[in-house]
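Student: I have a model open and would like to go through it with you. Can we start with the packing inside?

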Amino acid sequence: MARTVALEEVALALARVNYPGYQTDIVSLGIVQEIAPAPDGAYTITLRGATGREEILRDLATRIHQVLTHELGVPKVEFKVGKIEPELGEKTGKVRLEGTRFIVAVASGKGGVGKSTVAANLAAALSRIGYKVGLLDADIYGPSVPMMFGTSDERPRSAGGQSFYPIERFGVKLISIGFFLNDKAPVIWRGPMVMGAVRQFLKDTLWGTQDFLIVDLPPGTGDAQLTLAQQVAIDGAVIVTTPQEVALADALRAVRMFRQVHCPLLGVVENMSYFVCPDCGERDEIFGHGGGAKMAADEHMEVLARVPIFTEVREAGDAGTPIVLAQPDHPASQAFIELARRVAAAMPQN
Ligand SMILES: Nc1ncnc2c1ncn2[C@@H]1O[C@H](COP(=O)(O)OP(=O)(O)OP(=O)(O)O)[C@@H](O)[C@H]1O
Ligand SMILES: [Mg+2]
């Protein structure tokens, strides 16, 4: 006859199960609502629905089965999912913004691939097609939003207490560490400070109501990026890469990171995808061919846009007006508008 496992043992074992993507266990997070003994040594575990997402619930069930069935020898485990409690987002550390419908992160494993250019133009393009948009420059090592929007000399206005108003430019609400720095000296931050700063930006900025908040993440896939992806309730991530091998390998790392924290991946933007010869109009794929598309296919992701390399893209950024607004008919702008449409279409109930 199977040994009966005591309720206390079950409770202790559940306290060893971490919530998928977190270093915190499901008991501390308050996700285990009830542990009820059932006939024949079975247990029914009621979980507070921290999420409606099937894959997370499945992952959670697998983890619980592992400790209860395989390690403790409970003959049968059944699950019930309790009601979804909005404040759980706070407990798991995820920042949700009142008034913001969707948070979209723009990320890349490698630096210099055009992440900030894509983030700025995506924000501008969404605004152009009629959405209310904010842009958070979370790249506090090398903020570029102030330059790209020509607002380097502006300072956010205090709204009393800790809060402040974002800077508004071309209808897009902007916040960046760059607005708070007095000189151009590089900032040296430790991981926890990065998190603190970004969290504070998110919460203390009076964004008002908006459809999208675009987040320009710092390059890389280290602790800072991982924590950020965990702490902000991101509705979707856009991965930027160039077609080069090194960039692709790093982009793949970014993809894996978002998977690890169960953040939905919207797809890949292949930037500096090809060069159009200004004299003959011919396309030249200087960084290689189809790398982004291949990675996307391998990872079951979409290519959301292929953005050509054009001097005008850099010039527009340097001059403080994203190309989408400076030259809306430019081939690069069209690629960004297509990107914006696809991102918008990928949002739930939009
Ligand atoms: N499609 C493009 N055509 C021409 N220049 C581009 C294009 N995309 C980006 N650039 C230029 O490449 C440089 C790097 O771009 P950007 O700053 O957007 O990259 P990043 O990935 O955000 O870099 P970092 O890792 O430093 O944050 C910038 O000077 C930018 O203007
Ligand atoms: Mg950048």
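Tutor: Keep in mind that this is a predicted model. Its largest nonpolar core has 75 residues.

Student: Which residues have the most contacts inside that core?

Tutor: Those are Val106, Leu122, Ile214 and Phe336.

Student: And which element gives the largest share of this core?

Tutor: Helix 4 does, with 8 residues.

Student: How do the axes of helix 4 and helix 12 cross?

Tutor: At roughly 75 degrees, coming within 8 Å; helix 4 spans residues 115–128 and helix 12 spans residues 331–346. That angle makes helix 4 roughly perpendicular to helix 12.

Student: Which residues make the contact?

Tutor: From helix 4, Asn121, Leu122, Ala125, Leu126 and Arg128. Helix 12 brings Phe336, Ile337, Leu339, Ala340, Val343 and Ala344. By class, the contact has 9 nonpolar, 1 polar and 1 charged residues.

Student: New topic: ligand 1. Which residues come nearest?

Tutor: Gly111, Gly114, Ser116, Thr117 and Arg314, out of 21 residues around ligand 1.

Student: Which elements each supply at least two residues of that shell?

Tutor: Helix 4 again, along with strand 10 (265–276), strand 12 (303–309) and helix 10 (311–319).

Student: And the shell by class?

Tutor: The shell around ligand 1 has 8 nonpolar, 10 polar and 3 charged residues.

How values were computed. Residues are numbered from 1 along each chain as its sequence is written. Chains are lettered from A and ligands numbered from 1 in the order in which they are written. This is a predicted model: local features need pLDDT of at least 70, side-chain atom pairs count only at pLDDT 80 or more; totals for chains, interfaces and linings use all residues. Axes are lines fitted to C-alpha atoms, for helices over the stretch in contact, and angles run from 0 to 180 degrees between N-to-C directions. Helices (H or I, at least four residues) and strands (E, at least two) are DSSP runs, numbered from the N terminus. Angles under 35 degrees count as roughly parallel, over 145 as roughly antiparallel, 65 to 115 as roughly perpendicular and the rest as oblique. Two residues are in contact if their C-beta atoms, placed from the backbone, lie within 7 Å. Ala, Val, Leu, Ile, Met, Phe, Trp, Tyr, Cys and Pro count as nonpolar, Asp, Glu, Lys and Arg as charged, and the others, Gly among them, as polar. A nonpolar core is a set of buried Ala, Val, Leu, Ile, Met, Phe, Trp, Tyr and Cys residues joined through C-beta atoms within 7 Å. A residue is buried if 20 or more other C-beta atoms lie within 10 Å of its own, exposed if 12 or fewer, and partly exposed in between; C-beta atoms are placed from the backbone. A residue is near a molecule or strand if its C-beta atom, placed from the backbone, lies within 6 Å of it.
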